[in-house]
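Here is a short briefing to read alongside the sequence and the model. Take a moment to look the structure over, and then we can walk through it together.

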Amino acid sequence: MSDASPILRINALTKTFDDFTALHGIDLDVAEGEFLAIVGPSGSGKTTLIRLLVGMDDPTDGAIWLRDQRIDVIPANRRPTCMVFQSLALFPHRTVGQNIEFPLKLRGVAAKARKDRALELLDLLRLPRDYYAKRIQQCSGGEKQRVALARALAFDPEILFFDEPLSALDYRLRKTLEKELKDLHRRTGKTFIYITHSLEEAMVMSDRIAIMRAGRFEQIAPAEEIYARPVSPFVAEFMGEVNFLPLRAGMVAGAALSSAAQAALAGQGGTLVLRPESLRLNPQAADLTLTGTVAAAYLLGSRMQYRIDSPAGELTVEVLREDAVAGGIGAPVTLGCDLAALHLIAEARDAAA
Amino acid sequence: MKTSRLASALLVAYGIAVLAFLYLPLVSVGLASVSKARYLSFPIRRYNTEWYGEALASDTVQGLLWISLKVAGIVTVSSMVIGFLGALAFARYSWRFRKPFQKLILLPIFFPQTVLGLALLMWFNALGIVPSWKTAIVAHLVWIAPIATLIVSIRAFGFDPALEEAARDMGATQWQVLREVTIPLLMPGVVSAGLFAFLLSWGNFPLSLFTTGADSTLPEWLFAKMISGYSPLVPTVGMLTVAGSAGMVAAGLILAWALRRLRPTT
């Protein structure tokens with residue numbers, strides 16, 4: 001994040017429902033023009049957080065600031081932000097044009113200016129201009145997404161919030177819209193805050209990812225950093241396939257360490273995080289070496305994934321198809337990785353389970 | 001699923017039998033109204049339509065028609081308003097006593113109408129209110145307003161609460177949300193509720209019998225004339241009552257068509 005003062009600042013935000021605390025005094029700064037994805041499993045507090053941010057619910061404690069203005073005390077309809085809902089919430093009794101114009105109509109904008117703005121937004125979202133008079137029911141899933149985006153942008157909000165708007169779409173359309181959304185963010189320069197449970201979506205689109213767990217932020221960082229250097233086993237697992245190797249007094253049971261690795265890990269304990277693509281099959285040289293046998297093999301398009309039974313436990317390895325193991329299931333293999341691919345978490349894996 | 005010829009024939013026969021069961025009684029009333037004979041007998045030897053002219057010219061029938069229309073009209077409008085507001089409380093908003101309200105609001109539907117009529121008559125007497133067509137409106141509303149609430153509630157349950165939240169998020173006040181989103185989306189349910197309310201009030205006999213006092217509605221008059229003083233005017237007025245119901249259904253269908261036409265098109 002840049003050093004400039006944030007457009008959105010959350011201070012010690014707490015939300016409780018009777019005896020249940022959904023958000024535990026969380027803090028967050030969002031830079032102007034940033035695309036922040038908030039990711040977490042179901043029940044982690046993502047939706048509660050976004051509802052507080054847009055004003056659909058009131059926080060139990062804490063404050064939300066938009067630049068110098070405290071907005072958590074302002075009703076939802078007077079906040080200079082807008083949200084794209086999970087269901088899109090397009091009005092079925094209005095045309096595409098009337099939907100886009102709706103926030104402008106509420107602000108007393110003249111009919112001619114409203115229509116001009118709606119057509120401008122149709123252009124921006126790459127929808128044909130004759131869609132202006134089209135019924136919402138006549139639009140496809142992707143077109144509805146674009147109409148919802150156009151409507152959210154109509155009154156030029158300071159921040160656009162997204163509550164899992166792509167979750168109901170099929171895979172191919174979702175992939176297309178992910179790229180379009182990223183492109184729209186670049187073209188508008190707006191601040192986007194995007195809630196999703198899909199890590200893939202978050203990684204494709206966002207500048208930073210905030211991982212939520214049980215009402216708290218577990219880690220907030222760019223995708224590459226979270227992927228390569230997760231702060232906890234939970235984050236490591238949440239970010240995709242991962243191998244955990246327990247490290248005790250600088251030793252990994254069942255693995256051989258090079259002298260460089262022994263020096264780097266000397267006396268340390270915790271959990272070593274190792275991504276499947278960082279492990280190499282039958283390497284010439286490696287800082288960490290393990291032996292095992294192939295227990296299962298899966299074809300993942302251009303890559304192969306293997307489950308390897310090893311003295312250190314079951315490991316997952318991903319290699320290019322041309323590097324596939326000869327011999328198939330039961331074939332003996334040696335696995336290895338470089339020291340740079342190892343990431344040490346002080347926390348033991350069981351503590352996160 | 002493909003059906004055999006025998007199964008297809010049986011299904012057609014079943015369909016005809018069901019329709020005959022539903023509509024033959026009404027057809028017999030229609031035939032009685034155009035028979036010259038005092039009582040209906042088959043085959044009908046002589047037809048005439050003079051009873052229709054007499055019914056339409058009769059001050060008594062016109063008076064009955066006017067009372068029935070007033071009662072059904074006021075019950076319809078009131079039920080639409082009560083049904084709309086009740087549905088908001090029933091289905092749209094969370095509040096402390098919502099669950100008991102949801103149960104209690106529907107309870108009058110299950111009361112036997114004769115018992116409900118008797119209870120209301122006793123209340124009117126206890127309160128010193130002289131029963132008339134106006135008290136019949138109250139009685140009809142006690143039974144019909146819950147039905148209207150239920151009809152509008154089904155519609156209210158069917159629409160995404162995010163629509164109202166989205167409107168609010170885009171800058172709408174509570175009133176604007178109601179005007180721009182909630183009312184237009186609930187309107188088909190409100191119109192259906194109004195249609196049902198009219199038909200249920202227009203043809204209601206048990207509640208009217210107990211609560212109209214010296215006044216009388218068309219169904220009450222029909223019953224009274226069947227007991228004593230039958231003439232072909234009775235089935236004729238019966239058919240006119242049915243025509244009134246059919247007219248209301250037609251009006252409802254036209255209104256639904258008009259609402260669809262008013263909706264955005266390409």
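At what angle do helix α7 (residues 161–169) of chain B and helix α8 (residues 174–202) of chain B pack? In this predicted model, the angle is about 160°, and the two axes lie 10 Å apart. That makes α7(B) roughly antiparallel to α8(B), because an angle over 145 degrees counts as such. The notes below start with this pair of helices, and then turn to a second pair, the domains, the chain contact and the records.

**The α7–α8 pair of chain B**

- The crossing of α7(B) and α8(B) is right-handed.
- On the α7(B) side, the contact is made by B:L163, B:E164, B:A167 and B:R168.
- From α8(B), the partners are B:V177, B:E180, B:V181, B:T182 and B:L185.
- Sorted by class, the residues of this contact between α7(B) and α8(B) are five nonpolar, one polar and three charged.

**The α3–α6 pair of chain B**

- Helix α3 (residues 59–92) of chain B and helix α6 (residues 133–158) of chain B have axes that come within 6 Å and cross at roughly 40°.
- This angle makes α3(B) oblique to α6(B).
- The crossing of α3(B) and α6(B) is right-handed.
- In the contact of α3(B) with α6(B) there are 21 nonpolar, seven polar and two charged residues.

**Domains of chain B**

- Chain B divides into domain 1 (1–48) and domain 2 (50–262).
- Between the C-alpha centres of domain 1 of chain B and domain 2 of chain B there are 30 Å.
- The two domains of chain B meet through eight residues of domain 1, in contact with nine residues of domain 2.
- On the side of domain 1 of chain B that touches domain 2 of chain B, three residues are nonpolar, four are polar and one is charged.

**Domains of chain A**

- For chain A, the division is into domain 1 (8–232) and domain 2 (241–352).
- The centres of domain 1 of chain A and domain 2 of chain A, taken over C-alpha atoms, are 39 Å apart.
- Four residues of domain 1 of chain A are in contact with five of domain 2 of chain A.
- The domain 1 side of that contact in chain A comprises two nonpolar residues, one polar and one charged.

**Where chain A touches chain B**

- Across the two chains, 22 residues of chain A are in contact with 19 residues of chain B.
- On the side of chain A that touches chain B, the elements giving two or more residues are β6 (81–84) and α2 (96–106) of chain A.
- Helix α2(A) supplies the largest share of this side of chain A, with four residues.
- By class, the side of chain A that touches chain B has 12 nonpolar, six polar and four charged residues.

- An unreviewed UniProt entry annotates residues 8–239 of chain A as "domain: ABC transporter".
- Residues 8–239 of chain A are 36% helix and 26% strand, and the end C-alpha atoms of the span lie 26 Å apart.
- For chain B, UniProt (unreviewed entry) places the feature "transmembrane region" at residues 71–93, 105–124, 136–157, 177–200 and 237–259.
- Residues 177–200 of chain B are 100% helix and 0% strand, with their end C-alpha atoms 32 Å apart.
- Residues 237–259 of chain B are likewise 100% helix and 0% strand, and here the end C-alpha atoms are 33 Å apart.

Conventions:
Residues numbered from 1 in each chain as written. Chains lettered and ligands numbered in written order. Predicted model: local features only at pLDDT ≥ 70, side-chain atom pairs only at ≥ 80, totals over all residues. Axes fitted to C-alpha atoms, helices over the stretch in contact; angles between N-to-C directions. Parallel < 35°, antiparallel > 145°, perpendicular 65-115°, else oblique. Left-handed = near helix turned anticlockwise from the far one by under 90°. Contact = placed C-beta atoms within 7 Å. Nonpolar A, V, L, I, M, F, W, Y, C, P; charged D, E, K, R; others polar. UniProt positions renumbered as here; feature names shortened; annotations may be inferred. Domains from an automatic or database assignment.
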